[in-house]
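Hello,

Here is the structure for your files. My notes on it follow below.

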Amino acid sequence: MTNDVYWLLKLDLDLDKKDEFEALMAEMVAATLQETGARSYEWHMTGSAVHIYERYASSEDAMIHMQNFGSNFAERFLALLTPVGLDVYGPAKDDLREALAPVGAVFHQQIGGFDR
């Protein structure tokens, strides 16, 4: 079992705003790179579909990221992207569950396996 909390966020991009999106993505990647508890932060795109895979060392580290996101990026992010799905894995605490609930997060409990 792991203490890591991770998710796959699925979004739809307004392709008319792709330049703004790319600039915002670069800014968000640079900011998240400074978060010591961020283990993975990967953006993927096919057409207008954007998937962001995020992995944090703990629920507390994921909350630090969410607070930074809310303070610095949420308004611009949601003006460009529409959330269509969020699957969350790992031991997310109540405060993180609350923070992710508005985008329809589905939380999955680990029942087996291992992490290296």
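**Notes on the predicted model**

S58 sits in the loop that connects strand 3 and helix 2. Please keep in mind that this is a predicted model. The relative accessible area of S58 is 15%, so S58 counts as buried, the cut-off being under 20%. Leaving aside residues up to four places away in sequence, S58 is in contact with N3 and V5.

Helix 2 has 14 residues, which at 1.5 Å a residue should span 20 Å. The C-alpha atoms at its ends are 20 Å apart, in agreement with that. The buried residues in helix 2 are S59, D61, A62, M63, H65, M66 and F69. An α-helix has 3.6 residues a turn, so residues three or four places apart point the same way. The cover over the buried residues of helix 2 includes strand 1, helix 1 (18–33), strand 2 (38–46), strand 3, helix 3 and helix 4.

The largest pocket holds about 250 Å³ of space. It is lined by 18 residues, and those closest to its centre are L9, M66, F69, F77 and V103. Two or more lining residues come from each of strand 1 (5–13), strand 3 (49–56), helix 2 (59–72), helix 3 (74–80), strand 4 (81–89) and helix 4 (94–100). By type, the lining of the largest pocket has 16 nonpolar residues, one polar and one charged.

Regards

Notes. Residues are numbered from 1 along each chain as its sequence is written. This is a predicted model: local features need pLDDT of at least 70, side-chain atom pairs count only at pLDDT 80 or more; totals for chains, interfaces and linings use all residues. Side-chain values use heavy atoms; hydrogens and water are left out. On a 1 Å grid over the protein atoms alone, a cavity is a set of points where a 1.4 Å probe fits but cannot get out, and a pocket is an open set with protein on both sides within 12 Å along at least five of seven lines; lining residues have an atom within 4 Å of a point. Grid points are joined across faces, edges and corners, and a volume is the space filled by probe spheres set on the points. Helices (H or I, at least four residues) and strands (E, at least two) are DSSP runs, numbered from the N terminus. Ala, Val, Leu, Ile, Met, Phe, Trp, Tyr, Cys and Pro count as nonpolar, Asp, Glu, Lys and Arg as charged, and the others, Gly among them, as polar. The expected span of a helix is 1.5 Å times one less than its number of residues. Buried means under 20% relative accessible area, exposed over 50%, partly exposed in between (1.4 Å probe, protein chains only). Contact means heavy atoms within 4.5 Å.
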